[in-house]
Amino acid sequence: MAIARRTRTTAGMCESAEMEPSAVRTPAVGKTNPLVPREDWQRMFLRPAPIVCDLGAGNGRFAAAYAELHREWNVLAVERKLQRVRKIQRAVDLRQLTNLRVLWMGWDELLLFWSRPDSCREIHVLFPDPWPKRRHQTRRTLSGRVLAAIFRVLEPGGLFRLLTDDAGYYAAVEQAANDLPGFGRAEDSGGFPGSHFEAIFRSKGDPLYGAIWQKARANGEGEQEAG
Ligand SMILES: C[S@@+](CC[C@H](N)C(=O)[O-])C[C@H]1O[C@@H](n2cnc3c(N)ncnc32)[C@H](O)[C@@H]1O
């Protein structure tokens, strides 16, 4: 099975390789992670370009379409289910999306332990697992701590987009975002390709909840819509 990975012996480049799943599992936090060059995510790609992340990418429908639409960007899809990672890798190969990389790991772990501040232009979290029951809500990936990590990882002026079918989840994220100084609401200019789950919910006519937040630039621009 071929999955894009980066090894210590091929520092500075990404390659596809035949390997067992155990070979690409994330090693324990704190050790070197051969998948992610924390100091410079650009090294996972063939050339430096603004980085856009699709976290919890599922079958990669959004990530692949976005990478196709924006060949000038580097798109990083992160997914923890191996079958879905393989699907995304198939799209990379079939559609020759040299600007799309997929990582098989938890995106909360990636942000909390393997990221650098001010390194992403956009972060998209589309239909994170909702865990709607009250007693399960602590399992939600997008906690206040993880949202703060998203804020840290975004470049000044960078955008975070959330879309969910769960009103309660949305409200919790909105509250946490309001508590982060320098994270303001931004206009949705549209033009985002739909994700797989988005297509399902829209076809059923289900209400969706979402927003875009922008990290303030050094000059304070982007803060005016906060709240
Ligand atoms: C409901 S699906 C949405 C998939 C896709 N974003 C879409 O809109 O079609 C949620 C996805 O997030 C993945 N996921 C959940 N928690 C994750 C985590 N901590 N790290 C990486 N992937 C995660 C699941 O495996 C699943 O593929």
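**Exercise 1. Work out how exposed Arg71 is in this predicted model, and where it sits.**

Start with the neighbour count: Arg71 has 13 C-beta neighbours inside 10 Å, so it counts as partly exposed. The cut-offs behind that call: a residue is buried if 20 or more other C-beta atoms lie within 10 Å of its own, exposed if 12 or fewer, and partly exposed in between, with C-beta atoms placed from the backbone.

Next, the location. Arg71 is in the loop between helix H2 (61-69) and S4. Helices (H or I, at least four residues) and strands (E, at least two) are DSSP runs, numbered from the N terminus.

Finally, look across the chain: Asn99 is 28 residues away from Arg71 in sequence, yet their C-alpha atoms are 6.4 Å apart.

A word on the ground rules. Residues are numbered from 1 along each chain as its sequence is written. Since the model is predicted, local features need pLDDT of at least 70 and side-chain atom pairs count only at pLDDT 80 or more, while totals for chains, interfaces and linings use all residues.

**Exercise 2. Find the strand order of the open sheet and name its edges.**

Step one, the order. The sheet has 7 strands, arranged S5-S4-S3-S6-S7-S9-S8, with mixed pairing. Two strands pair if DSSP finds at least two bridges between them. As a reminder, strands of a sheet pair through backbone hydrogen bonds, either parallel or antiparallel.

Step two, the edges. Strand S5 (100-104) and strand S8 (183-186) each pair on one side only, which makes them the edge strands. From one strand to the next, the twist averages 20 degrees.

Step three, what lies on top. Helix H3 (residues 82-95) lies across S4 and S5, at about 165 degrees to S5. For that angle, axes are lines fitted to C-alpha atoms, for helices over the stretch in contact, and angles run from 0 to 180 degrees between N-to-C directions.

**Exercise 3. Take strand S6 (residues 120-126): how many of its residues are buried, and which strands pair with it?**

Burial comes first. Of the 7 residues in S6, 6 are buried, so the strand is largely enclosed by the rest of the structure.

**Exercise 4. Pick out the buried residues of H5 and see what they pack against.**

The buried residues in H5 are Val146, Leu147, Ala149, Ile150, Phe151 and Val153. They pack against H4, S6, S7, helix H6 (167-178), S8 and strand S9 (209-215). Contact here means that two C-beta atoms, placed from the backbone, lie within 7 Å.

**Exercise 5. Follow the antiparallel pairings of S9.**

S7 and S9 run antiparallel and are joined by 6 bridges; Leu163 has Gly210 as its bridge partner. On to S8: it pairs with S9 in the antiparallel sense over 4 bridges, and Ala186 stands opposite Ile212.

**Exercise 6. Which phi values do Asp118 and Trp131 have, and where are these residues?**

Begin with the background: most residues other than glycine have a negative phi. Asp118 has a positive phi, near 60 degrees, and belongs to the loop between H4 and S6. With 12 other C-beta atoms within 10 Å, Asp118 is exposed.

Trp131 also has a positive phi, near 40 degrees, and sits in the loop between S6 and H5. With 16 other C-beta atoms within 10 Å, Trp131 is partly exposed.

**Exercise 7. Describe the shell around the ligand.**

First, count: 20 residues surround the ligand, and the closest are Gly56, Gly58, Ser195, His196 and Phe197. A residue belongs here if its C-beta atom, placed from the backbone, lies within 6 Å of the molecule.

Second, find the suppliers. Strand S4 (74-79), helix H4 (107-113) and helix H7 (196-204) each give at least two residues, and H7 gives the most, with 3 residues.

Third, sort by class: the shell has 7 nonpolar, 6 polar and 7 charged residues. Ala, Val, Leu, Ile, Met, Phe, Trp, Tyr, Cys and Pro count as nonpolar, Asp, Glu, Lys and Arg as charged, and the others, Gly among them, as polar.
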